Amino acid sequence: MTRGVLSDVTNRQAEAQARPEPGKLLKRSEICRQVGLATGRDGGVAHAEDAACGIYVDESPAPSTASPPSTASAAEVAPLVEEAEEEEKRIRELLEQLSDNIGSCADGLLDLWAEAGLRPNSDRLLALRNKFSSMGPPQLFDALMRPPTRPPPRPPTLSMADFADMREASLRPQGHSAVALDRMDAFRGDGEQNGIDLNLISQHAVREQAVNVAQTCHTVSEGQRPSSEAISLHFAPEQREPIVVYLLQVCDFAQLPDSVLYLAVCLLDRYCESRREPIPEDQMQMTVLATVSIAVKVTGGNLELSRQPAKLRKLLDDFSQRRCNVEEIFAMELQVLAILGFNVCTPSPLDFLDFLAAPIAAADASQGTCPVRCVAKFLLQLSLFDASMHYEYPHVILTAAAVYVALWCTRADEARIAELLQDVALTCKLTADASDPQEGA
């Protein structure tokens, strides 16, 4: 009788230990072990990097059953192993494609940089000189005028172990750190006494919200990214570059933030794409100033201009050089809005730069100007002059390539580059379920 009771208790303990922990990613070898299939080198089932291709276990407890678990055959577990192998293959391809896209985009940015170095007196470089010469010491802009003589190596591919950690974090319930942040003040005193790291909780909450914002920006940006081929059909490159130089000069003279410049260029390109015909020469200046007016109102721009319409009218009147009146500019503004369907809140590469370069800028905060951010910003502004470069890749990839080149130029360690790739993978939602083909870059 006693042996029977002990045997029953032992069986229940073994069954409880075999049950996966809530929220745990099961390895394929673990799947095979729990269904009774032998694993190892001889069995050919176990895999060294199967952690990234696991099955996520629901946190709700499994209903208990009186009958003992049955032992599955190799034929029954084979579909699970095959599914895990297919998912692993997909993940590897996505990670390799991510590195390839960043590397190709980085090569394109370096070509623009080399071309700018060969034309030091070009209009685009003179405009950038006025802008970047005030961002740091004089030697900073001199360094920007000397592009690297060789391209950087291809970015490394994220390891499956790093991806496993990212995926496990992405499968956690959303908002847990935000809730902890809301309740932080309630137990701040007790938390410090109990050894709770409140700063770590707040950092996790901010990080979670930053990732969510970056993912939303990526989705919206991809839905509004114009085609460089369509732009070139109705807006020739030799006509577009002087316009972008003019926009840069307007924003610099009026002390408008870069967000106004990027949005005005994007609105102008989207308008040209939607018109499906060239903008008449006599309407070009009106159209350009209309996009500036929209960008100031959407982004907030210069607070003095956005809050005092009379000063915005004066600015538009001054830059029109009396070739058109302000009422005509506002009428063109309505036409641009109508053609774009009033959908003008477009994220720019600057939004992704704030996210991707934030850890680097925070680490270099004690040194004043962040060289990585400055170089990346310079490359992004160079891309504005070339529509084929600016719109060929998703803006998160374009920004990541600029940051990668900047990290390489400043000889950053591999850990910084790995953090960059992880942030890009999170933004592109590479940790999404394989059943959703729409996710990912």
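Reply:

Within helix 11, the buried residues are R240, E241, I243, V244, V245, L247, L248, V250 and C251; buried means under 20% relative accessible area, exposed over 50%, and partly exposed anything in between, with a 1.4 Å probe and protein chains only. Please keep in mind that the model is predicted, so local features need pLDDT of at least 70 and side-chain atom pairs count only at pLDDT 80 or more, while totals for chains, interfaces and linings use all residues. Residues are numbered from 1 along each chain as its sequence is written, and side-chain values use heavy atoms, with hydrogens and water left out.

Helix 11 covers residues 237-253, and its 17 residues should span 24 Å at 1.5 Å a residue, which agrees with the 24 Å between its end C-alpha atoms. That expected span is 1.5 Å times one less than the number of residues. Helices here are DSSP runs of H or I with at least four residues, strands are runs of E with at least two, and both are numbered from the N terminus.

Just after helix 11 comes Q255, with a positive phi of about 55°. Most residues other than glycine have a negative phi, and Q255 is not a glycine. Q255 sits in the loop that runs between helix 11 and helix 12 (258-275), and its 65% relative accessibility makes it count as exposed. F342 is another non-glycine residue with a positive phi, of about 60°. F342 belongs to the loop between helix 16 and helix 17, and at 55% relative accessibility it counts as exposed.

Now for the wider picture. The protein has 22 helices and 2 strands, and 43% of its 441 residues are buried. Of the contacts between residues at least 6 apart in sequence, 79% join residues at least 24 apart, where contact means heavy atoms within 4.5 Å.

Helix 13 (residues 284-299) packs against helix 16 (residues 326-339) at an angle of about 75°, their axes 8 Å apart. The axes are lines fitted to C-alpha atoms, for helices over the stretch in contact, and angles run from 0 to 180 degrees between N-to-C directions.

Leaving aside neighbours within four places in sequence, T291 is in contact with A264, L267 and L268.

Helix 19 (residues 371-384) is worth a stop too. The axes of helix 17 (residues 349-356) and helix 19 come within 11 Å and cross at roughly 160°. That makes helix 17 roughly antiparallel to helix 19. In this contact, P349, L350, L353 and D354 of helix 17 meet R373, A376, K377 and L380 of helix 19. The residues involved divide into 5 nonpolar, no polar and 3 charged.

Helix 3 (residues 74-118) packs against helix 19 at an angle of about 85°, with the axes 10 Å apart. That makes helix 3 roughly perpendicular to helix 19. L109, L112, W113 and A116 from helix 3 meet V375, F378, L379, L382 and S383 from helix 19, giving a contact of 8 nonpolar, 1 polar and no charged residues.

Finally, look at A400 in helix 21 (residues 395-409), which counts as buried at 0% relative accessibility. Not counting residues up to four places away in sequence, A400 touches I102, L356, L420 and V424. A400 and L421 lie 21 residues apart in sequence, with 8.0 Å from C-alpha to C-alpha.

Definitions and conventions. Parallel < 35°, antiparallel > 145°, perpendicular 65-115°, else oblique. Nonpolar A, V, L, I, M, F, W, Y, C, P; charged D, E, K, R; others polar.
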